[in-house]
Amino acid sequence: MRFSQYKYNRPDIKKLETKYNSLLYKFDSAKSPAELERTMTTINNLRNEFFSMSSIASVRNSINTVDKTYKKEKEYFDKINPLFSQVDTRYYQALIKTPHRKTLEKKWGKQLFVLAELAIKVFKPEIVKDLQMENKLSTGYTDLLASAKIKFEGEERNLAQMGPFLVSPDRKMRKKAAQAKYEFFVTNETKLDELYDQLVKVRTTIALKLGYKNFVQLGYDRMCRSDYDAGMVANFRRQVKEYIVPIAQKLKAKQKQRLGLDKLKYYDEGLNFKDGNAKPKGEPEWIINNGRKMYSGLSAETRKFFDFMLKSELMDLVAKKNKAGGGYCTYIPKYKAPFIFSNFNGTSGDIDVLTHEVGHAFQAYCTRDFLVPEYNSPTSEVAEIHSMSMEFFTHPWMEMFFKEDTKKYLFAHLNSAMIFIPYGVTVDEFQHFVYENPDASPVERKKKWREIEKKYLPHRDYDDNKYLANGGFWHQQLHIFKYPFYYIDYTLAQICAFQFWKRSMEDQKLAWADYVKLCKAGGSDSFVKLTELANLISPFKDGCVKSVISTIEKWLDDDKNCKIQ
Ligand code: ZN
């Protein structure tokens, strides 16, 4: 069955609630663990149906944000998702109280109960209206960015379609492109500030109603973080400042030298080589065909999986008018199908999608037969290990996509992975400030952003762009609006992915086996425990950051990997 044939039925929330409640009654009165588990399966089927419809509506809406049918369905789900959470929370309450808990724990492990307790903590019926508002505002951000129609070089373009111009080897062109892009943000600056202010306020209201002192810990609990806290994250950021920021500064200085510039301005940062970045040497269809060869070569598991993705048409990859921005992978449980969404625009980023999002999808495919749906998707720091490590495991096939530019690609990929970490912690520290100070004004927020940027990204030179110099850069970072506190997960995962990169060069088979083991474990345990399972050092462990990055630094320093040209 292909994605286009997946049937969408709008769930009737009233009927669903009645049915769910009667199942909960059955669950509560189960006489034996076997009876309880049978009811649990029926409950999970009902939940899977709901989540599948929500996913299908959301995917179809993101493919065309102005299509009225799915726009309406997305709005409907923005309203009913919190109502569904209400009954879902009752299920988790019943689950942690069941007299058969010990038997269930023995069979499924403790993690299900950890997740249940967190789900209970982050919900109360009193916050339904606030959650609906939060969803509406979040969708408003997607719609606003998707509405960008930038007149540039004789055509109307969206933000993704501006990508190639932003990395043009012609400096005048990339400056002009950057100015055109930021004109869109300047025009919408007040709207974006207001939207974010409303989001911060509503999230804070929710936190207070739930008994938290502010949104920070609620944000962590929503992300299901059970074995680390804000203090440990702050300690990780300190290590980034101490060990990675100086390396990133050196890499930026080298980039300036490579490009033959006096000063590396904000509009130069995306260009790695004077004669242009590595580009995929063919059209999207050619890229996907090569992707098929690559995943066939990598392992039997990835071959089977990628064929399934192609046959079922589970990828919408190319940038089109009215498509939502960014890229993502989601999962449709009813059809046991991952779905990949992206905005191919002819840059090397297209190949990153084919490895990154496919990494997520491969994990979802590996756990598609799990009977506990909570274990299908791990917490997001773990999920990002799957995706970011797949980017590295596929390095030996990059020649198929980049031909004579392969060396350039490999260097740029590792280089940007390292440079990314200071940016990642910038986003994270900013959000801690925002939610610890929910009454800060938009101007104060932007001031703070610029201050944090100077700490972790001291090389940033915004030239004559007042909007960016005043701290507007984060407006384009969708996670800040839509997925609070998600961003640090990329940096934690990057440290783990670096370890897989190193290990795959020492012993590809062994590293790959551990990677598959991690994928197959899904979300059956917490972050730190899963890193142990995959024989990785937890990024929180003292000395981890320093030891992991020293190999990468050496590789990036080696002239044979990157000649200054
Ligand atoms: Zn990802």
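Buried area, as used in this report, is the accessible area (1.4 Å probe) that two parts lose on being put together, summed over both. The structure is a predicted model, in which local features need pLDDT of at least 70 and side-chain atom pairs count only at pLDDT 80 or more, whereas totals for chains, interfaces and linings use all residues. Residues are numbered from 1 along each chain as its sequence is written, and side-chain values use heavy atoms, with hydrogens and water left out.

The chain is divided into domain 1 (3–134) and domain 2 (284–406 + 494–535), with bounds that come from an automatic or database domain assignment. Between them, domain 1 and domain 2 bury about 2,200 Å², and 60% of this area is on carbon and sulfur atoms. Of the area that domain 1 buries against domain 2, Tyr6, Ile63 and Gln111 supply 26%, more than any other three residues. The C-alpha centres of the two domains lie 26 Å apart. Counting contact as heavy atoms within 4.5 Å, 27 residues of domain 1 touch 26 residues of domain 2.

The count of salt bridges between domain 1 and domain 2 is 2, where a salt bridge is a side-chain nitrogen of Lys or Arg within 4 Å of a carboxyl oxygen of Asp or Glu.

## The zinc site

The zinc ion is coordinated by NE2 of His356, NE2 of His360 and two OE entries of Glu384, at 2.1 to 2.6 Å. Donors are here N, O and S atoms within 2.8 Å of the metal (3.2 Å for Na, K and Ca), and sites may look incomplete because water is not among the atoms. Along the chain, the donors follow the spacing H-x3-H-x23-E.

The angles among the 4 donor atoms run from 53 to 144 degrees, and the site is classed as irregular. Four donors count as tetrahedral if all angles lie between 85 and 135 degrees; four count as square planar and six as octahedral if opposite donors are over 155 degrees apart and all others between 65 and 115, and anything else is irregular.

Histidine 356 and histidine 360 both lie in helix α14 (residues 349–366), 4 residues apart, which is about one turn of the helix. Helices (H or I, at least four residues) and strands (E, at least two) are DSSP runs, numbered from the N terminus. Both histidine 356 and histidine 360 are buried, a class that means under 20% relative accessible area, with exposed over 50% and partly exposed in between (1.4 Å probe, protein chains only).

Helix α5 (residues 111–121) is mostly covered, with 8 of its 11 residues buried. Among these are Gln111, Phe113, Leu115 and Ile120. The buried residues of α5 pack against α2 (33–63), α3 (68–97), α4 (101–108) and α10 (215–222).

Glutamine 431 has its place in helix α17 (residues 406–436). With a relative accessible area of 0%, glutamine 431 is buried. If neighbours within four places in sequence are left aside, glutamine 431 is in contact with His479, Ile480, Tyr483, Pro484, Phe485 and Tyr487.

## Salt bridges

Side chains of opposite charge can pair when their charged atoms come close.

| Salt bridge | N to O distance |
|---|---|
| Glutamate 49 and lysine 334 | 3.3 Å |
| Arginine 10 and glutamate 73 | 3.0 Å |
| Arginine 101 and glutamate 105 | 3.0 Å |
| Lysine 448 and glutamate 451 | 3.1 Å |

Arginine 10 forms a salt bridge with glutamate 73. This pair links distant parts of the chain, 63 residues apart, with arginine 10 in the segment before α1 (13–28) and glutamate 73 in helix α3. Arginine 10 is partly exposed, at a relative accessible area of 42%, whereas glutamate 73 is buried, at 8%.

Arginine 101 and glutamate 105 are 4 residues apart in helix α4, so about one helical turn separates them. Here arginine 101 is partly exposed, with a relative accessible area of 23%, while glutamate 105 is buried, with 15%.

Lysine 448 and glutamate 451 both lie in helix α18 (residues 442–456), 3 residues apart, about one turn of the helix. Lysine 448 is partly exposed at 24% relative accessible area, and glutamate 451 also counts as partly exposed, at 47%. Elsewhere, salt bridges that share partners join Lys252, Glu269, Arg450, Glu453 and Arg460 into one network.
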